[in-house]
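Subject: Structure handover

Hello,

Here is the structure I promised to pass on. Please open it first, then read the notes below with it on your screen.

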Amino acid sequence: MSTMAAQHMPQEAASEAAVRYLITNYSPKGNKVGWLMMASILVEAWDLYSIAFVLIFIREQYNPDPLMLGLAAAGTQGGALIGALLGGWLSDKIGRRVMFLVTMVLFIVLALAQAFVPSVGWLIVIRFLLGVPLGSDISTGYTYIMESMAKGEREVMGNRWQFMFAVGEVLTIGVIVIFLLIDMQHEMLWRITLGLGAVPALIILIMRHDVPETAVWLVQKGRFREAKQVAREMFNDDLAMLPDQDVVVPKVRTSAFLADLRKDPIRWRATIYGWIACFAQGSEFSTFAFYLPVLFVMVGVSSILGNNLVTMALFCFAGLSGWVGPLLTPKLGHRGIAIAGFSIVLVSLLVAAFALYADNKILLPFAAAGMLWGHYWDASNCMTIPTMVAKPKYRGTASGFAYMFVKLPSFLAIFLFPALFSAIGQANATLFVAIFPLIGLLAAIFILPEVYGYEND
């Protein structure tokens with residue numbers, strides 16, 4: 001063997017190990033890691049959406065102007081926009097495990113801090129800072145899933161994130177309903193509700209403490225000895241194709257991420273679709289669905305307690321959709337789930353707009369149920385696809401970049417949609433929102449190639 005060939009052997013062996021890890025290996029431990037990553041979404045769901053149910057009490061106490069109230073609701077989304085980009089990049093640079101632990105610690109501290117804010121201004125600041133670890137955690141979590149599970153399994157697990165959001169939302173509403181039933185003082189109610197997000201975060205931090213770094217990341221960094229050890233623990237595989245000593249590998253330039261994507265038309269089109277779908281589903285949810293509690297009160301559907309009970313029933317229904325969608329993905333493929341989901345949302349929003357025009361209070365909750373069912377399908381794979389098709393060396397960056405397209409419209413919609421409500425009315429605003437599932441549907445039909453079971457090295 002020539003000297004030049006010998007110099008290239010470690011890198012070739014590293015690539016072979018990465019492919020083997022991503023495609024052929026699967027174990028109960030990998031499945032356990034996947035569920036642990038999904039569990040962190042409960043934390044995000046609690047914080048992102050608990051604010052929707054307690055805004056009425058914050059407004060009652062501080063009487064802020066609409067701009068300040070909108071920022072209090074949307075602040076976490078704005079912080080998550082930064083966290084997604086920063087966290088994805090850092091997970092590629094310093095490792096997945098370090099980022100997981102750091103984000104949970106930060107969340108615990110900041111979740112508790114928002115329970116003690118003296119004003120709406122401070123609440124906005126804390127919630128913005130809180131969004132940074134939340135955005136980072138999602139992008140890092142998806143990277144972990146794609147590097148710990150085999151093809152097919154990893155996609156079903158990744159698509160379960162909407163189910164976990166529904167579980168978090170139902171738990172949040174359930175706690176608030178209990179507080180209302182015991183007639184808790186309103187200031188205490190909203191402070192305890194926001195601060196309780198630290199509890200699941202602490203539990204997850206304890207459970208994550210022993211989760212190892214992904215072997216794929218270690219291989220990409222030339223840390224072969226650690227990669228072999230992790231492989232033995234996770235897959236009972238010592239990766240015999242790797243040498244027993246570490247090697248120095250060239251540093252990856254993050255700036256090359258987009259250029260690398262464009263070399264492969266399948267990966268490029270799939271990623272473009274992922275970005276569009278992230279934007280479309282984030283927009284449709286953060287306008288119509290996020291403000292469902294407010295919308296129901298505005299049109300007189302029920303009392304505050306009754307409104308929460310109706311909303312909880314809707315999210316239980318949505319949770320069923322979030323569980324069924326991933327199970328159907330192997331049969332329908334990513335395109336099938338996306339097309340079905342965006343189609344259902346589009347029709348449901350048109351029906352909801354009609355219900356608002358006609359002042360039909362009975363029809364509106366059913367339209368909302370249809371919208372949530374479709375949303376939990378069309379949103380299920382928008383993070384899975386761009387993370388899955390990315391090369392391992394760019395995977396954290398790819399996940400964070402995709403999540404940015406969720407958080408940007410979410411921030412803008414939660415901040416600005418109340419003003420749109422006031423300017424053009426609930427019915428016209430709902431009709432306007434139907435533009436987003438239409439965009440997602442067209443992208444699923446004309447841009448997305450079928451990538452279920454996609455293999456990448």
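**Two loops with a positive phi**

Start with Asp359, which lies in the loop between helix 15 (304-357) and helix 16 (363-378). Keep in mind that this is a predicted model. Asp359 has a phi near 55°, a positive value, and it is not a glycine. Most residues other than glycine have a negative phi. Is Asp359 buried or exposed? Asp359 counts as exposed, at 52% relative accessibility.

Now go to Asn63. This residue sits in the loop between helix 2 (28-62) and helix 3. Asn63 also has a positive phi, about 50°, although it is not a glycine. The relative accessible area of Asn63 is 62%, so it is exposed.

**Salt bridges**

How many salt bridges does a search of the whole structure find? The search finds 10. Three of them are worth a look.

Take Arg96 and Glu147. Their side chains meet in a salt bridge, with 2.7 Å from N to O. Arg96 belongs to helix 4 (residues 96-113) and Glu147 to helix 5 (residues 120-148), so this pair ties together parts that are 51 residues apart in sequence. Arg96 is buried, with a relative accessible area of 0%. Glu147 counts as buried too, at 1% relative accessibility. Which residues are linked with Arg96 and Glu147 in a network of salt bridges? The network links Asp92, Arg96, Glu147 and Arg395.

Next, find Arg267 and Asp260. They form a salt bridge, and their closest N and O atoms are 3.3 Å apart. Both of these residues are buried.

Then find Glu226 and Arg223. They form a salt bridge as well, with the closest N and O atoms 2.8 Å apart. Glu226 is partly exposed, with a relative accessible area of 34%. Arg223 counts as partly exposed, at 30% relative accessibility.

**Around Asp246**

Arg223 is one of the residues in contact with Asp246, once the neighbours of Asp246 within four places in sequence are left aside. Where is Asp246 found? Asp246 is in the loop between helix 11 (224-235) and helix 12 (257-261). Its relative accessible area is 31%, which makes Asp246 partly exposed. Also compare the positions of Asp246 and Val219. They are 27 residues apart along the chain, and their C-alpha atoms are separated by 9.1 Å.

**A nonpolar patch**

Turn to the surface. Ile82, Leu86, Trp89, Trp122, Val125, Phe128 and Leu129 form a nonpolar patch there. Together they have about 630 Å² of accessible area. Which elements give two or more residues to the nonpolar patch? They are helix 3 (66-94) and helix 5. Helix 5 gives the largest share, 4 residues. Leu129 is found in helix 5. Leu129 is partly exposed, with a relative accessible area of 40%.

**Helix 8**

Helix 8 covers residues 186-195. Which of its residues are buried? They are Leu189, Trp190, Arg191, Thr193, Leu194 and Gly195. Look at the start of helix 8 as well. There, a side-chain oxygen of Gln185 reaches to within 3.2 Å of the backbone nitrogen of Glu187.

**Cysteines**

How many disulfides does a search of the whole structure find? The search finds 0. The cut-off for a disulfide is 2.5 Å between the sulfur atoms. Cys278 counts as buried, at 0% relative accessibility. Cys316 counts as partly exposed, at 42% relative accessibility.

Best wishes

Key. Residues numbered from 1 in each chain as written. Predicted model: local features only at pLDDT ≥ 70, side-chain atom pairs only at ≥ 80, totals over all residues. Heavy atoms only, no water. Buried < 20%, exposed > 50% of the residue type's maximum accessible area, 1.4 Å probe, protein only. Polar contact = N/O pair within 3.5 Å; in protein donor to acceptor, adjacent residues only side chain to side chain. Salt bridge = Lys/Arg side-chain N within 4 Å of Asp/Glu carboxyl O. Patch = residues over 30% accessible without salt bridge, like charges linked within 9 Å, V, L, I, M, F, W, Y side chains within 5 Å. Areas by Shrake-Rupley, 256 points an atom, 1.4 Å probe, with all protein chains shown as cover. Contact = heavy atoms within 4.5 Å.
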